[in-house]
Amino acid sequence: MPSFSHFFHILMDTKGVFFKAMLLTLELTVVSILIGIVIGLVFALLKISNIKILELISDIYVYLVRGTPLIVQIFILYFGISGIFLLPDFWAASLALALHNGAYISEILRGAIQSVDKGQFEAGRSLGMTKTLTLRRIILPQAFRRALPPLGNQFIISLKDSSLAAFISMNELFNVATTLGSNNFDEMTYLLIVAVYYLLLVALMTFVVNRTEQKLTVSDR
Amino acid sequence: MDTKEMIKIKQLNKSFGDLHVLKNIDMTVYESDVVCLIGSSGSGKSTLLRCLNFLERKDNGNIIIEGNEVNPRTDDLNKIREKVGMVFQNFNLFPHKTVLENIIEAPIMVKGVDKEKAIIKAKQLLKKVGLEDKSDVYPSKLSGGQKQRVAIARALAMEPDIMLFDEPTSALDPELVGEVLTTMKDLAEEGMTMVVVTHEMGFAREVADWIVYMHDGKIIERGTPEQFFNHPKEERTREFLTATMLK
């Protein structure tokens, strides 16, 4: 084990390069979460559409994504799609992460939507609101609120999953840590340093999710 | 005498799977009538009410609202629902919106009413149901009786011609029933056409123009409160009344 002063020394020395890597990790995560939410919402709505073929499409998507490792999905997008048209590394990684997260998010949202009391939908309809309007104005805001704790969980998972982008040579946190570690024959120090950065990001993310939750649940208090 | 027919139902049938819940129902509700649907649980009275708002689809028969036969497949049900307000047993207020937001939501989003105007109207309605000081609180802060009065105001904000009440006091603590019934009575006195599913015999006797007694998916007897409570014709009705009064 490295001594604390050695760890601290390296931590300060490498803060520039790690900070840059942290920004890339953050970018990958945020972009993939945002796209993932859109994908997740679309497939959640397909799943509850009561139209067999659309439900099936949603089922197949969720099955394929949950049934294969993320690293396989990243490689397929990176090597497979790049053969058809040029997909920049960042977008190959982001899209793979987004498609992956989208499946989990769709299940989270579907559950949350279905947990909203049926009476809410009937109340909207009885006031002359269309299905879409009721969904948008009445059901989804309540569903999002309920989905927030599991979504926060999923966001943290996707932050850590972004480390797999290292395997398609994205210079995000994990890649920088392993590269510097092996160059300096000092893997352990750099792994501990990168752990600190991940913990920082997770703390930040937890804070944002908690604040959002507080804001959205103001009506319960 | 040419009172307007607000609702006319002819030979309405409805089944849930093998369960035949509404059997050849015929009913007419005239303008400004207050009709109380009574009967034991499972008699089909709530289903009948929900058919009037097309929250349940009829199997066959005709539903004529204000002179127009409604075909749920082809007609714009949202347009019809604008004219037919509904109050639910469980209030179904929107928990993520304040009392005021609950009331102005549909007028603004459905009818395209100007927000300022919708707010003025909402405040008038809140005053009418005695809750003008609650406009900015969330439903979770209200008692059951207050929630139901907000729900009534919310339905009235769409300026419906007909109001349907589905056991509006059944989920309330006994001491809160009165305030809701008073609001409904005021509404009846203003001439609103109302169909009320209820177990409140006192309210039915006092406010209703017509009592309709349902049992096992059929209308057994109908009459004025006087006829119905004092001189019931059917044996089944007498049994029901005896059982109810003994409580």
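Reader: Which residues does Ala155(B) touch, leaving out those up to four places away in sequence?

Author: Happy to start there. In this predicted model, Ala155(B) touches Leu127(A) as well as Gly85(B), Met86(B), Val87(B), Pro160(B) and Met163(B), once residues up to four places away in sequence are set aside.

Reader: Where does Ala155(B) sit in chain B, and is Ala155(B) buried or exposed?

Author: Ala155(B) belongs to helix H5, residues 144-156 of chain B. To judge burial, look at the relative accessible area: under 20% counts as buried. Ala155(B) has a relative accessibility of 2%, so Ala155(B) is buried.

Reader: How far apart are Ala155(B) and Pro107(B) in sequence and in space?

Author: In sequence, 48 residues separate them, while their C-alpha atoms are 9.8 Å apart in space.

Reader: Which partners does the side chain of Glu167(B) have in polar contacts?

Author: One is the side chain of Ser170(B), at 2.8 Å. Another is the side chain of His199(B), at 3.5 Å.

Reader: Now for chain A. How many helices and strands does chain A have?

Author: Chain A has nine helices and zero strands. Its C-alpha trace spans about 70 × 50 × 25 Å along the principal axes, and 45% of its 221 residues are buried.

Reader: How do helices H6(A) and H7(A) pack?

Author: The general idea is that two packed helices are described by the angle between their axes and the distance between the axes. Here, H6 (residues 118-126) and H7 (residues 131-161) of chain A pack at about 140 degrees, with axes 9 Å apart. Angles over 145 degrees count as roughly antiparallel, and 65 to 115 as roughly perpendicular. H6(A) and H7(A) are therefore oblique to each other. Their crossing is right-handed.

Reader: Which residues make the contact between H6(A) and H7(A)?

Author: From H6(A) come Gln120(A), Phe121(A), Gly124(A) and Arg125(A), and from H7(A) come Lys131(A), Thr134(A), Ile138(A), Ile139(A) and Gln142(A). Sorted by class, the contact has three nonpolar, four polar and two charged residues.

Terms used:
Residues numbered from 1 in each chain as written. Chains lettered and ligands numbered in written order. Predicted model: local features only at pLDDT ≥ 70, side-chain atom pairs only at ≥ 80, totals over all residues. Heavy atoms only, no water. Polar contact = N/O pair within 3.5 Å; in protein donor to acceptor, adjacent residues only side chain to side chain. Axes fitted to C-alpha atoms, helices over the stretch in contact; angles between N-to-C directions. Helix = DSSP H or I, 4+ residues; strand = E, 2+ residues; numbered from the N terminus. Parallel < 35°, antiparallel > 145°, perpendicular 65-115°, else oblique. Left-handed = near helix turned anticlockwise from the far one by under 90°. Contact = heavy atoms within 4.5 Å. Nonpolar A, V, L, I, M, F, W, Y, C, P; charged D, E, K, R; others polar. Buried < 20%, exposed > 50% of the residue type's maximum accessible area, 1.4 Å probe, protein only.
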